[in-house]
Amino acid sequence: MFSYRFCFYAIHTAPWALIGGWLLNLLFLREQPSGGHAPHLVWVWLGLMMIYGLLGLVLGVKMIRRRLLLYCPFCARPGPAYLDRSEGLTMNCPSCGEIRGGGLLGWKIVRDRGEHCGPKPAVPVRKVQFRSPWFWVLFGISVLSALCGVAIHEFSFLTVFGPLWCFLVASHLVQTLSTGCLDDNAGPTFRSRQPLKFWVRTTVWFLAYVFAAFMPVGHALQEKGKMEGRAAVRHEGVR
C-alpha cells in the first residue's frame with residue numbers, strides 16, 4: 001500500500017520529468033562533438049520513466065478494480081482513493097475527510113475537514129441564462145457581427161453558425177461566472193477550490209466566444225478583398 005503523498009507528487013511530477021529529461025537530452029546532444037547522445041543522462045531518464053510507468057500501471061489496475069487504498073498524509077490511516085476528472089487524485093480518509101490537491105497551482109495537499117473548505121460544492125444544472133442582461137449583450141454582439149458580415153459581403157454559413165455558437169457559449173460563460181463552477185467535458189472546476197485552473201479554462205472559453213463572434217465579419221472582409229483583387233486583375237487585363 002502506497003502513501004497518498006507519494007502517489008500525489010508522482011502524478012504531478014511525471015509530465016515535468018518527461019519534458020525536462022527530453023530537453024536535457026537535446027541540450028547534451030548539441031554539445032556532443034560527434035552528435036551522439038549523453039549515455040549516462042539517457043539511462044537515468046529511461047530508468048525514471050520506467051519507475052513512473054510501473055507506478056502508473058499499478059495504480060491504474062487498482063483503480064479499475066476499485067481496490068486502491070492509500071495512507072492518509074495527515075493521520076496515516078488507510079482509505080479508498082480514486083481519480084477525479086476535475087481535482088485529480090482524491091482519497092476519503094475515515095478521520096480527515098476528503099484529501100485532494102488544492103492551493104493556487106493544485107500542488108498543495110489539503111483536507112476539506114481540516115482546512116474548513118466545507119463539502120464539495122454542487123454542480124449547477126445547465127440552463128440558458130435568459131434572465132441575465134450580460135447574456136443578451138454577448139449574444140447581441142454576435143448577431144450584430146453576423147448582420148455586418150451580410151452587409152459587407154453576402155449571406156453565408158458563418159452568418160448562422162457564429163450566432164448559434166455564441167448563443168451557447170455566452171450562456172455557459174454567464175452561468176460559470178455567476179455560480180463559480182465551470183462544467184464542461186473535462187469535468188467541473190470550482191473557483192473556490194482551484195482558482196488558477198478555473199480562470200485559465202474560463203479564458204479559453206471566452207477566447208472561443210470572441211473568435212466565433214467576429215468570424216462572420218472577418219470572413220466577409222476577406223471575401224470582399226478577394227473579389228476586389230480579382231476585379232482589379234480583370235481590369236488590368238482589359239487594358
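How many cavities of 30 Å³ or more does the count come to by this rule? I count two cavities of 30 Å³ or more, where a cavity is a set of points, on a 1 Å grid over the protein atoms alone, at which a 1.4 Å probe fits but cannot get out. Volume here is the space filled by probe spheres set on the points, with grid points joined across faces, edges and corners.

Before going further I noted the basis: this is a predicted model, in which local features need pLDDT of at least 70 and side-chain atom pairs count only at pLDDT 80 or more, while totals for chains, interfaces and linings use all residues. Residues are numbered from 1 along each chain as its sequence is written, and side-chain values use heavy atoms, with hydrogens and water left out.

Entry on the largest cavity. I read its volume as about 60 Å³, and its lining (residues with an atom within 4 Å of a point) as Pro 124, Arg 126, His 172, Gln 175, Thr 176, Cys 181 and Asp 183. The elements that give two or more residues to this lining are α4 and β7 (181–184), and α4 gives the most, with three residues; helices (H or I, at least four residues) and strands (E, at least two) are DSSP runs, numbered from the N terminus. By class I find two nonpolar, three polar and two charged residues in this lining, taking Ala, Val, Leu, Ile, Met, Phe, Trp, Tyr, Cys and Pro as nonpolar, Asp, Glu, Lys and Arg as charged, and the others, Gly among them, as polar.

Entry on the second largest cavity. I read its volume as about 40 Å³, and among the residues that line it are Gly 149, Val 150, His 153, Glu 154 and His 219. Two or more residues each come from α3 and α6 (215–238), with α6 giving the most, three residues.

Entry on the helix pair. I looked up α3 (residues 133–152) against α4 (residues 157–179) and found them packed at an angle of about 165°, with their axes 9 Å apart; axes are lines fitted to C-alpha atoms, for helices over the stretch in contact, and angles run from 0 to 180 degrees between N-to-C directions. That makes α3 roughly antiparallel to α4, the term for angles over 145 degrees. The contact (heavy atoms within 4.5 Å) includes Trp 134, Phe 135 and Leu 138 of α3 and Cys 166, Phe 167 and Ala 170 of α4.

Note on methods. Parallel < 35°, antiparallel > 145°, perpendicular 65-115°, else oblique. 1 Å grid on protein atoms, 1.4 Å probe; cavity = no way out; pocket = protein on both sides within 12 Å on 5 of 7 lines; lining within 4 Å.
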